[in-house]
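Take a slow look at the model below.

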Amino acid sequence: MNRRVVPPSRPNCYPVIDTLPPRKFAGHGARVQLDGSAARALETGRTRLLAAGLVFALAFTVIGGRLIDLTLLSQNSEPKIAGGPTAPQRETGRADIVDRNGVLLATTLPTASLWANPHKVLDPYDAAVQLNTALPELSHAEILAKLTSEKGFVWLKRGLTPRQQYAINRLGVPGLQFRQEPRRYYPHASLTAHSVGFTDVDDNGLAGIEQSFDSKLRGAVKPLALSIDLRIQHVLSQALTDTMAEFKAIGAAGIVMDVRTGEIVAMTSLPDFDPNRPGDAPADARFNRASLGVYEMGSVFKIFTTAMALDGGIVTLDDRYDTSKPIRIGRFTISDFKPKNGPLSVPEILMYSSNIGTARIAMDVGALMQREFLERLGLMLPSTVELSEVGHPMMPSPWREINMLTISYGHGMAVSPIRLVSAVSAIVNGGILRPATLLRQPANTEIPGTRVISEQTSHQMRQLMRLVVTHGTGKKANADGYMVGGKTGTADKLIGGKYARDARVASFVGAFPMTEPRYAIFVMVDEPKGNASTYNYATGGWVAAPAVRRVVEQIGPLLGVAPIRTNPEDEESELLYVRASAKAEKVAAN
Amino acid sequence: MIRFARTDTSLLGRWWWTVDRWTLAAVVCLMGFGALLILTASPVAADRIGGLGSFQLAQRQIVFLFLGLAMLIGVSLLDPRTLRRVTVVGLAVSLVLLALTLFMGAEIKGATRWLNVVGVSVQPSELAKPMFAVTLAWLLSTRNSDGSFPTHRPETWIAIALWLALGGLLLRQPDLGQAFLVSAIFGVELFLAGLSLQLVGLFGLVGGLGLIGAYFALPHVSARINGFLDPTAAGSYQVERSIEAFMNGGLLGRGPGEGTVKALLPDSHSDFIFAVAGEEFGLLVCLMITGLYAFIVLRSFSRLIQEENLFVLLAGTGLLTQFGLQALINMASSLHLMPTKGMTLPFISYGGSSMLAMAVGMGMVLALTRRRIGAGGPV
């Protein structure tokens with residue numbers, strides 16, 4: 001027996017309390033062996049318990065050390081991550097609208113609206129006097145009339161500011177109550193008014209994206225991302241505002257479009273309005289000139305006439321047309337603004353914007369093909385952009401010969417700027433027409449489109465449009481390094497069925513950089529008046545082209561278009577082919 | 001003060017002179033800290049839950065504290081053999097209750113751990129742990145005829161089966177923390193029972209692989225671990241607030257009731273109560289609490305080392321492993337020493353089931369560490 005015997009002298013050890021009986025099956029011999037091995041097992045247990053105890057002791061020491069570290073040694077240490085409180089996602093019942101970079105364009109704020117129960121207002125006269133101090137924009141008589149009405153509910157003012165609500169609360173007038181109402185707010189006010197649109201006081205979308213996406217915005221939480229880039233929008237808007245002021249114009253419109261995707265990066269219509277208070281704006285300001293307005297575009301249409309003739313193989317760049325004599329057809333006379341002597345080559349006709357030359361090209365093309373081509377470019381239908389404010393094009397019916405001739409240089413047919421820009425994008429981007437869109441398209445995805453002209457024609461058109469800017473009517477659009485190409489246009493406005501002499505639309509449509517176009521740009525000024533600095537000219541070349549240059553110079557860096565620092569000589573050689581024919585003509589003309 | 005004469009041979013008299021009064025005092029101290037902390041931490045929680053009086057949770061918990069104290073003393077009166085019998089029955093009952101939670105349990109925070117028994121919600125997993133520790137010790141204290149580890153005896157197989165059943169039921173809830181604790185008890189008892197070191201190494205490896213497997217298989221586990229490793233991860237909010245609390249507290253704390261972080265911590269009255277202690281009472285009290293846990297575990301270990309009976313040694317170690325690990329994991333989570341794992345701080349965190357089960361467990365430890373003369377040999 002090798003049991004340990006505890007000395008009975010230890011006071012806190014009570015004599016045998018709990019003796020456990022030995023195993024019944026164990027015989028005497030086995031018992032001894034068992035005892036010996038049991039002691040061994042016990043010894044193993046004790047040793048290992050010591051190990052476990054050490055582990056525990058170590059762990060508790062670590063805890064103590066960490067406590068000291070955190071409470072005493074980590075004081076004033078830098079937080080591991082910088083962070084502020086984040087606002088919880090608000091449930092406002094209408095999703096935000098943001099620009100392509102996530103800048104907030106429209107949001108919904110919870111506001112308080114003031115109403116009254118006239119039966120509970122003790123002294124309507126006094127209440128009206130007091131309310132008038134907090135809401136001076138409401139007249140005393142107006143408030144009094146509402147507070148003395150027989151109804152049990154009258155709105156006094158909706159969409160209060162927190163300061164107004166506080167002031168009214170402080171008055172402590174009985175019978176007045178607040179109701180929490182969401183209110184749509186547009187932080188950039190008029191800047192994107194025409195594309196974003198606005199809602200009424202009950203949050204129904206009434207115009208723009210707010211109207212066309214009304215049901216999708218309702219109840220959604222994820223913001224709707226537009227293709228608009230607020231920075232570009234600002235530059236365009238600023239340039240148009242300046243131009244409007246400079247030429248005392250009655251309006252202006254502008255569009256910047258990504259020619260590869262059809263995304264509208266900026267769209268401006270002036271005069272504009274504050275969508276936070278749409279009711280205060282005149283109808284003219286709410287009118288979207290860029291998408292709803294349709295205009296006779298004038299000479300910018302010559303792009304299409306030239307393109308259809310080249311693409312159809314009707315003319316080559318070498319062909320020449322006699323522009324010395326005006327064309328007379330019936331009671332109409334087609335003449336040139338700045339007549340050139342002798343025959344002009346196809347590039348020269350576009351460069352100098354010859355109406356006679358373009359009309360002669362159209363004669364060779366024919367009315368049927370012209371109509372079919374313009375239809376293919378989408379100019380016969382309203383734009384499919386996501387707005388309800390889209391203008392229906394106006395065109396002659398029937399399409400007579402005289403119509404064919406005037407349409408060739410942009411008269412007798414009116415289209416919306418947005419359609420025009422889509423069509424020009426297709427002309428320069430390699431020949432693919434894509435629908436215009438105000439929604440941001442996923443990056444690096446091919447947007448499907450339809451081919452309207454061949455690659456080669458597109459290439460030639462790019463050269464010709466560049467030539468207009470380097471040597472022709474569009475020189476003032478030449479933003480250094482951005483290789484702008486385009487076409488100017490000046491169209492007399494049709495007022496009361498007659499072409500007005502002094503009311504015209506001056507425009508420029510183009511794209512940049514012409515080596516590999518990324519963006520199409522359109523600027524239109526409504527009824528500009530010439531001034532001393534333009535020698536009283538108010539044409540597209542004098543009015544719209546400089547605005548385009550200013551815009552491109554500013555947005556080029558923002559859009560990540562690298563300026564091309566070419567030697568002018570190099571560019572000359574690029575355009576050698578077209579220029580040579582032009583030069584040859586000059587020699588011939590002399 | 002009740003005084004017992006040394007010659008008093010009544011039940012309580014014998015108990016008083018043979019029980020480990022130092023450990024008992026330490027547990028009572030912990031309960032005192034628990035009462036103090038629950039008074040300051042639970043009103044915020046009551047407000048958060050809503051519809052409760054400010055001190056309603058604290059009152060409930062203090063009732064449980066006294067019930068727990070009674071339970072602690074009551075269980076410590078048992079002798080090892082009765083204890084063993086009680087735990088075998090207790091384990092069977094808790095296994096049944098655990099199985100029932102899978103079908104009838106109330107889902108709280110994504111896991112079904114609670115069972116409604118005549119209007120009182122209980123957490124059977126809390127009760128299962130001490131029962132399992134003691135039953136396991138009984139099974140593992142049987143020996144082969146040569147006294148070596150009973151590798152091929154049916155008792156060992158039953159022990160493994162019990163572990164798999166209990167661990168499996170806990171994983172189904174899912175409650176990875178409790179499953180880990182049960183496995184730790186199993187491992188420590190196997191280790192002490194003399195499992196060969198090769199097998200110990202193998203089991204350690206399997207356990208490690210199991211944790212890695214849990215990381216990949218259970219999304220909430222991977223979220224916790226990612227949150228631990230990456231301070232910007234979404235799941236690290238509680239731990240950040242907890243660390244902030246300790247930093248705010250400093251040496252002496254901000255004073256009782258002056259803490260601010262408890263309002264931001266959803267589990268400030270249960271899993272993160274140690275952070276409340278850190279903020280309001282400071283380093284010294286936290287060290288005291290840590291010291292009490294260490295004292296209870298190590299002092300009881302030292303008494304068990306003198307033990308003559310393998311069953312008592314294993315059972316006591318198993319129970320203390322559960323107690324100590326639970327305290328360590330809770331404190332380490334609060335101190336951002338490991339990924340957060342929902343585990344209560346014994347005798348301090350809010351929770352009736354946890355309090356009573358802890359009292360039962362520590363009562364068993366006290367019962368096992370009582371001085372018994374000539375109590376060696378096989379049970």
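Start with the cysteines. A disulfide is a covalent bond between the sulfur atoms of two cysteines. Here a disulfide is counted when a pair of cysteine sulfur atoms lies within 2.5 Å. By this rule there are zero disulfides over all chains. The model is predicted: local features need pLDDT of at least 70, side-chain atom pairs count only at pLDDT 80 or more, and totals for chains, interfaces and linings use all residues. Residues are numbered from 1 along each chain as its sequence is written, chains are lettered from A and ligands numbered from 1 in the order in which they are written, and side-chain values use heavy atoms, with hydrogens and water left out.

Buried means under 20% relative accessible area, exposed means over 50%, and partly exposed lies in between (1.4 Å probe, protein chains only). Cys286(B) has a relative accessible area of 0%, so it is buried. Cys29(B) is partly exposed, because its relative accessibility is 41%.

Now the charges. A salt bridge is a side-chain nitrogen of Lys or Arg within 4 Å of a carboxyl oxygen of Asp or Glu. Over all chains, the count is 31 salt bridges. One of them joins Glu210(A) and Arg184(A), at 2.7 Å from N to O. What does this pair tie together? Glu210(A) lies in helix α6 (residues 208-212) of chain A and Arg184(A) in strand β4 (residues 176-185) of chain A, so the bridge links parts that are 26 residues apart in sequence. Helices (H or I, at least four residues) and strands (E, at least two) are DSSP runs, numbered from the N terminus. Glu210(A) is buried at 0% relative accessibility. Arg184(A) is buried too, at 5%.

Another bridge joins Asp492(A) and Arg504(A), at 3.8 Å from N to O. Asp492(A) sits in strand β16 (residues 485-495) of chain A and Arg504(A) in strand β17 (residues 498-512) of chain A, so this pair ties parts twelve residues apart in sequence. Asp492(A) is buried, with a relative accessible area of 18%.

Move to chain B. Arg254(B) and Glu279(B) form a salt bridge, their closest N and O atoms being 3.7 Å apart. Arg254(B) lies in the loop between α10 and α11 of chain B and Glu279(B) in helix α11 of chain B, so parts 25 residues apart in sequence are tied together. Back in chain A, salt bridges that share partners join Arg94(A), Arg184(A), Glu210(A), Asp214(A) and Arg218(A) into one network.

Next, follow a helix. Helix α17 of chain A (residues 540-558) has 19 residues. The expected span is 1.5 Å times one less than the number of residues. α17(A) bends by about 25 degrees at Val552(A). The bend is the angle between axes fitted to the seven residues ending there and the seven starting there. Buried residues in α17(A) include Gly540(A), Pro546(A) and Val552(A).

Finish at the surface. Ile68(A), Leu72(A), Leu73(A), Leu251(B), Leu252(B) and Leu284(B) form a nonpolar patch. Helix α1 (residues 28-73) of chain A gives the largest share, three residues. Leu251(B) is in the loop between α10 (237-249) and α11 (273-305) of chain B. Patch residues have over 30% relative accessible area and no salt bridge; like charges are joined within 9 Å, nonpolar side chains (Val, Leu, Ile, Met, Phe, Trp, Tyr) within 5 Å.

Technical notes: Accessible areas come from the Shrake-Rupley method with a 1.4 Å probe; for residues, only the protein chains shown count as cover.
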